[in-house]
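Let's walk through this one together, one question at a time. Keep the viewer open as you read.

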Amino acid sequence: MAHPDLPKIHREITDWYLAHARDLPWRREPAGPWAVMVSEFMLQQTPVVRVLPVWEAWMERWPTPAALAAEPVAEAVKAWGRLGYPRRALRLHAAATVIANEHGGRVPGTEAELLALPGIGTYTAAAIACFAFKVPTVVVDTNIRRVHARLVSGKALPEQNQNAAELALAARLLPASGPEDPNGTALANGWNIAVMELGALVCTARSPRCEDCPVLESCAWIAAGRPEPHYKPKGQPWHGTDRQVRGAMMAVLRHSAGPVDRSELLGVPDLALEGQDPRRLNPAREAEPVHQAWVGLHALEAGAEQRERALGSLLADGLAQQSAAGIGLPH
DNA sequence: TATCCGTGGCT
DNA sequence: TAGCCAAGGAT
């Protein structure tokens, strides 16, 4: 698409958004910056449908950064549940603590300030600034990159690593300010969220619903005959990895009332103890999450060395803490 | 810069 | 079914 009719594309995509956008709670008034920030942390690499219930409970319990900062980080990790990447819970709690202590309890509104907070990188800083503070900035996430790659560059997928050219393209595509919107605020905000939503709902990675696309006629990828990706995406191994072991250990820690015995967490189950530990082996309590978490951990094929390594990394990350009582969630 | 970091639904 | 993929960040 050498000379895209940008005003036309802007109108088609923003009109599509007005008609088809999901009604997400962090987009509703009066959802404030904290609501947006919590959603952005949870949405890092996690689908909306899994975030929704956790976000609702989180905002109910911790309606402000100060409320979260006032509680032990273990509570954040437990409330994070099974969203995955629990380090995000640590960082959200840490960011809330900085906000409470250094920003008067209010989420800062500039990208530079946001970028300085733990767990906030380029994307999240831009997203919070744009969505919560209406800053007309360039937002680039995986959805937006994919839409741009297809619509403008004629490729099936964006490059594996985001590069300067993509950022420049995103900046070029941003609607310019007009007489009714001198700062370009509403236009930029509406455009960013609309393109992201289009990528999430229509211009999806695997089975794009091109028949529902508002800019099908302008799409360079369609014009090129929908060529295949020019590379093979790298897989994300799981079975047998340290991550799998860490996940199983975290499940045990999340569901345990207090610290657990280190050797037990590492075990290779001690058959002599079976039936004696009410936390994990009492048949009457089989249905309890903590029991299932223990069973899941012990069922892994990982050897002692790998379990040691996984636990060591959890301790190093601050997701687990060692005390005289054993291994528990951080305080 | 390449790799690591969870979880589960979908194709 | 096995792999792919999801509003990334830190190192």
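Q: How many helices and strands does the secondary structure of chain A come to?
A: First, a word on the model: it is predicted, so local features need pLDDT of at least 70, side-chain atom pairs count only at pLDDT 80 or more, and totals for chains, interfaces and linings use all residues. Residues are numbered from 1 along each chain as its sequence is written, while chains are lettered from A and ligands numbered from 1 in the order in which they are written. Helices (H or I, at least four residues) and strands (E, at least two) are DSSP runs, numbered from the N terminus. On that basis, chain A has 16 helices and 2 strands.

Q: What percentage of the residues in chain A is buried?
A: A residue is buried if 20 or more other C-beta atoms lie within 10 Å of its own, exposed if 12 or fewer, and partly exposed in between, with C-beta atoms placed from the backbone. Chain A has 331 residues, and the buried share is 34%.

Q: Which residues of H9 are buried?
A: Helix H9 covers residues 142-151. It's mostly covered, with 8 of its 10 residues buried. Those are Ile144, Arg145, Arg146, Val147, His148, Ala149, Arg150 and Leu151.

Q: Why does leucine 216 count as partly exposed?
A: Leucine 216 sits in the loop between H11 and helix H12 (220-223). Its C-alpha atom is 8.3 Å from that of leucine 151, though the two are 65 residues apart along the chain. Leucine 216 counts as partly exposed because its C-beta neighbours inside 10 Å number 13.

Q: Which residues is leucine 216 in contact with, leaving aside its neighbours within four places in sequence?
A: Two residues are in contact if their C-beta atoms, placed from the backbone, lie within 7 Å. With those sequence neighbours set aside, the partners of leucine 216 are Cys210 and Ile222.

Q: What is the handedness of the crossing of H2 and H8?
A: The axes of helix H2 (residues 33-43) and helix H8 (residues 122-133) come within 9 Å and cross at roughly 145°. Axes are lines fitted to C-alpha atoms, for helices over the stretch in contact, and angles run from 0 to 180 degrees between N-to-C directions. A crossing is left-handed if the near helix is turned anticlockwise from the far one by less than a right angle, and right-handed if clockwise. For H2 and H8, the crossing is right-handed.

Q: How do the residues of the contact of H2 with H8 divide by class?
A: Pro33, Val36, Met37 and Glu40 in H2 meet residues of H8 including Phe131 and Phe133. Ala, Val, Leu, Ile, Met, Phe, Trp, Tyr, Cys and Pro count as nonpolar, Asp, Glu, Lys and Arg as charged, and the others, Gly among them, as polar. The contact divides into 8 nonpolar, 1 polar and 1 charged.

Q: Which helix gives the most to the surface near DNA strand B?
A: A residue is near a strand if its C-beta atom, placed from the backbone, lies within 6 Å of it. Around DNA strand B there are 20 residues, and Arg82 and Arg246 are among those that come nearest. By class, this surface has 5 nonpolar, 9 polar and 6 charged residues. The helix that gives the most, with 6 residues, is H13.

Q: Which residues are the closest to DNA strand C?
A: DNA strand C is surrounded by 27 residues. That surface divides into 12 nonpolar, 12 polar and 3 charged. The closest are Gly121, Thr124, Ala205, Pro233 and Gly235.
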